Every structure is written in structure tokens, then in C-alpha cells.
Amino acid sequence: MSKILVITGGSKGIGKGIIKAYLNEGFQVFSISRTSNKDFEAVTQIEFDLSKTDGIVALLTGVFENFKSTEVEKITLINNAGTLGQIGKIEDISDIEKTVQLNTVAPLILTSTFISLTKNWGGEKKIINISSGAAQKPYHGWSIYCATKAAIDMMTKTVAVEQDSVENGVKIIAIYPGVVDTAMQAQIRQSDKDSFANIDRFLELKATNSLADATTVGRQIFAIDQDNRIENGALIRVEE
């Protein structure tokens, strides 16, 4: 029996840390990302821009052609790919649609397709959405990011309600990984105070070596995935 991880945005940052953790535990890994990572020879890497949402159903359906449902003990989909988009006041942002497509529309379509494709599977089925504390706390300059992550949280809770009424339904949770040392954090630190009023806090986190390590966070997310005590629809902070 096989254990499978399908992850978006796995080539770098938190996604890279997650893949390392799952590989170490014997999972077969499929990564959907704009770029590949040469370090991951054991990973099936599919290059695809998830902001182009028209092709997502066909893409995931193609990935599932690699699986025999009767031979899968566990399958996890991690919706990890995301972007801050432009940082600034909403009237100054020009890439609203692309950010919403990647952060919210793509995970919605992937979740819908995953549930449809695994409907009659007997193994354990899990979806983990990588959310953010920004889903609950407004940040000056992050209107699109905060809104898209809040949408992910509500999607998680609503799909859980639906799946709870299905025999052997999919378990779905959202995880807040905390402030992790990634390229996204580097982007934040390059902002100016007019665009992002909270920049001093993030500069201090880096200066005081207070950012979480992506490899450590990946292991913590793996551990959360294995914890069957967690309620369907839960929103979980990694540090808890």
C-alpha cells in the first residue's frame, strides 16, 4: 500500500520543507509548481502556473492516472502555493485578479477536483490548506492577501461540514505556519513603510533570528497531518 502527497508550490520555501518531511517518511510525492527543484530527484515535478486556473482540473486528473485507488493507504493534498502579490493600498494594486486566482480560486478548484476523484476511495483522504494569521488580522498593505487567506479558512470549514455527512469523506484542515524564513519574507522586507505600515516588525524578526525554519515547519506540518485527533475543519497554528 502506498502513501501519496500531492502539493502545490513545492519547489521552494515552506513547500520544499514539507516535501523533505514527507519523503523522509516514505511518501510518494507529486509537486505542482511554476518551477522545478533539482534537489528533488525522487519527486514527480509538474511545472504549471496555478494562476492560470483553466487547466487545473485536467492537470490534477492527469496526476491521478498514476494511482490505483485500491493500493493507496493515504493520500494528502496540500494547497501550499500562494503569493503576497503587490504590497500597497488597494487603490494602488494592479494584479488583484492574478493574486486571487492563485491564492483562492486554484485551491478551491483543486479541492473540488480532489474530492471528486477520490469519492469512492477506501483509504485515508486529507486536504491541508496553508493559510496565514493574515486571514484573521488585517495588515495595512495586504488587503488582497488577507482577503484571499480568509476565504481559504472559510472554504476549509465549509467543506468540512459537507464532508462530515459523507461516508469516508475527506478530512480538511488549514494550517497557519507562522513567520517562516522564505523568499516571501524577503519580499516583505523590501517594502517601504508607505506601502506596508508593519514593516518594522518583520525587519526585527529577521534581525533577531526569530523566523521559523522551513524544514522544521515542514516536519511540524507532517506531524499535524498524522494526528487523527484533530477535528475536521480545524484551523491550526504550527506553534501550538
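These are my notebook entries on one predicted model.

**Ground rules**

I number residues from 1 along each chain as its sequence is written, and side-chain values use heavy atoms, with hydrogens and water left out. Because the model is predicted, local features need pLDDT of at least 70 and side-chain atom pairs count only at pLDDT 80 or more, while totals for chains, interfaces and linings use all residues.

**Entry 1: overall layout**

I looked up the elements and found seven helices and seven strands. Helices (H or I, at least four residues) and strands (E, at least two) are DSSP runs, numbered from the N terminus. Along the sequence the pattern reads β-α-β-β-α-β-α-β-α-β-α-α-α-β.

I then looked up burial, where buried means under 20% relative accessible area, exposed over 50% and partly exposed in between (1.4 Å probe, protein chains only). The chain has 240 residues, and 51% of them count as buried. I noted an accessible surface of about 11500 Å², with 48% of this surface belonging to carbon and sulfur atoms. Accessible areas come from the Shrake-Rupley method with a 1.4 Å probe; for residues, only the protein chains shown count as cover.

For contacts (heavy atoms within 4.5 Å), I took those between residues at least 6 apart in sequence. Of these, 70% join residues at least 24 apart.

**Entry 2: the strands**

I went through the strand pairs next; two strands pair if DSSP finds at least two bridges between them. β1 and β2 pair in the parallel sense over five bridges, and valine 6 has phenylalanine 30 in β2 as its bridge partner. β2 and β3 also run parallel, joined by four bridges. There, isoleucine 32 is partnered by isoleucine 46 of β3.

On β4, I found six bridges to β1, with the two strands parallel. Serine 2 stands opposite valine 72 of β4. Six bridges also join β4 to β5, again parallel, and isoleucine 78 stands opposite isoleucine 128 in β5.

Which strands are largely enclosed? β2 is, because five of its six residues are buried. β4 is too, since seven of its eight residues are buried.

β1, α1 and β2 make a right-handed β-α-β unit, and so do β4, α3 and β5. Right-handed here means that, with the strands pointing away from the viewer, the path from the first strand over the helix to the second runs clockwise.

**Entry 3: the nonpolar cores**

A nonpolar core is a set of buried Ala, Val, Leu, Ile, Met, Phe, Trp, Tyr and Cys residues joined through side-chain atoms within 4.5 Å. Which members of the largest core touch the most other members? I found Val6, Leu50, Phe67, Ile75 and Phe114, out of 29 residues. The elements giving two or more residues to this core are β1 (2–8), β2 (28–33), α2 (56–64), β4 (72–79), α3 (96–117) and α4 (143–163). Another core, of 24 residues, lies apart from it and includes Ile7, Ala21, Ile128 and Ile230.

I listed the contacts of valine 6, leaving aside neighbours within four places in sequence. They are Phe30, Ile32, Leu60, Val63, Phe67, Thr76, Leu77 and Ile78.

**Entry 4: serine 31**

Serine 31 lies in strand β2. Is serine 31 buried or exposed? Serine 31 is buried, at a relative accessible area of 3%. Not counting residues up to four places away in sequence, serine 31 touches Ile7, Gly10, Ser11, Ile19, Val43, Thr44, Gln45 and Ile46.

**Entry 5: salt bridges**

A salt bridge is a side-chain nitrogen of Lys or Arg within 4 Å of a carboxyl oxygen of Asp or Glu. I found six in the structure.

Lysine 16 and aspartate 39 form one of them, at 3.6 Å from N to O. Lysine 16 sits in helix α1 (residues 13–24) and aspartate 39 in the loop between β2 and β3 (44–47), 23 residues apart. Lysine 16 is partly exposed at 24%, whereas aspartate 39 is exposed at 52%.

Aspartate 49 and lysine 52 form another, with the closest N and O atoms 3.1 Å apart. Lysine 52 is exposed, with a relative accessible area of 54%.

For lysine 126 and aspartate 225, the closest N and O atoms are 2.9 Å apart. Lysine 126 lies in strand β5 (residues 124–130) and aspartate 225 in helix α7 (residues 214–226), so this pair ties together parts 99 residues apart in sequence. Both lysine 126 and aspartate 225 are buried. I also noted a network of salt bridges linking Lys74, Glu124, Lys126 and Asp225.
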